[in-house]
Amino acid sequence: YRFFGEPVVEACVENGASCIDISGEPQFLEGMYLKYNQKAAEKGVYVVGSCGFDSIPADMGVLYTRDKLKGTLTAVESFLTVKSGPEGSCVHDGTWKSAVYGLADQDNLRKLRKKIGYAPVPVVGAKLKRRGLVFYNREFKEYSIPFMGSDVSVVKRSQRYLHTQLQETPVQYGAYVNIGGLGSVIKLMFAGILFLLLVKFSFGRKLLTKYPEFFSAGRFTKKGPTQKQMDGTSFTMTFFGEGYSEGQDPQNGKPNVKICTEVKGPEPGYVATPIAMVQAAVSLLEDVACLPEQGGVYSPGAAFSKTKLIDRLNKRGVEFSVISKPEV
């Protein structure tokens, strides 16, 4: 998307067509907001980015969790688990390239955000603590690390919109991924350090993009996954939310209600992503009355919070459910 995405958005906006993409690149997504939000609003078209695995499960999952909590949800952490069958799993190197170029260009993302001049999202309720780079997760009995995708930035954009435009209570959000036992942690740390060193130099970036399989220990390949690998792979994203019961002021005292929800589905990149994208498009066409009042460049949560998107996904195999609702 960084290199080829903008002409599509520009053509859609110029010609009055709404547009959906499956980008997981914050710089592209927020750059399109800066350049085309006003024009899209004037044309009455909706440009909705990140409508694939990045970031519909996370963004709509937070909204689902909020709607299922009796009271006011103020903070959520999500944990992603990807299970693969005997054939293992892998991802096409396009995703790898997005990560390489995105990490190399973080300074420009900061500058872009300054230009947009985002209003800070107020913290309501107890402040959500950021966890370490690697930590042992008692709930899952394995190690977890922060999720490196675009989910956190996309959810934040949705929450900012819902707070400023619809006066809804903003939800704080942290995203993590479960990686397994100590052996996985050691492997990942070596790979991560090497990646971060190489990504800083153009020669290093060339190596990383030329030999994705080598540098990712087979996780990313130029061929992508086989049909057998896709058939054997699935994901579960578990959300742990906390908040304040009805009648309790979120500005006072500690959170006193908890909730656990889940979004689960088939292989994320090539099976769940097209399901999410197509259902987002159907919502755009059929839930017109429930979309934001004016066109613009939106994140999924901002565009679809009042639509039937979650119901549509549930019928198509990307399932949202409540795991537990402890009482106050």
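Let's start with Arg160, which sits in helix 6 (residues 151-166) of what is a predicted model. Is Arg160 buried or exposed? With a relative accessibility of 14%, Arg160 counts as buried, because the cut-off for that label is under 20%. Leaving aside residues up to four places away in sequence, Arg160 touches Tyr118, Ala119 and Val121. Take Ala119: 41 residues separate it from Arg160 along the chain, yet the two C-alpha atoms are 7.9 Å apart.

Now move along to helix 7, which runs over residues 182-198. Its 17 residues reach 25 Å from the first C-alpha to the last, close to the 24 Å expected at 1.5 Å a residue. Which residues of helix 7 are buried? They are Val185, Phe195 and Leu198. These three cover an arc of only 160° around the axis, so they end up on the same side of helix 7. As for what covers them, the list includes helix 4 (93-104), strand 6 (142-146), strand 7 (172-180), helix 8 (202-210) and helix 9 (212-215).

Turn to the other side of helix 7 and you'll find Leu182, Phe190, Ile193 and Leu197, which are exposed.

Note on methods
Residues are numbered from 1 along each chain as its sequence is written. This is a predicted model: local features need pLDDT of at least 70, side-chain atom pairs count only at pLDDT 80 or more; totals for chains, interfaces and linings use all residues. Side-chain values use heavy atoms; hydrogens and water are left out. Helices (H or I, at least four residues) and strands (E, at least two) are DSSP runs, numbered from the N terminus. The expected span of a helix is 1.5 Å times one less than its number of residues. Buried means under 20% relative accessible area, exposed over 50%, partly exposed in between (1.4 Å probe, protein chains only). The arc is that of the directions from the helix axis to the C-beta atoms. Contact means heavy atoms within 4.5 Å.
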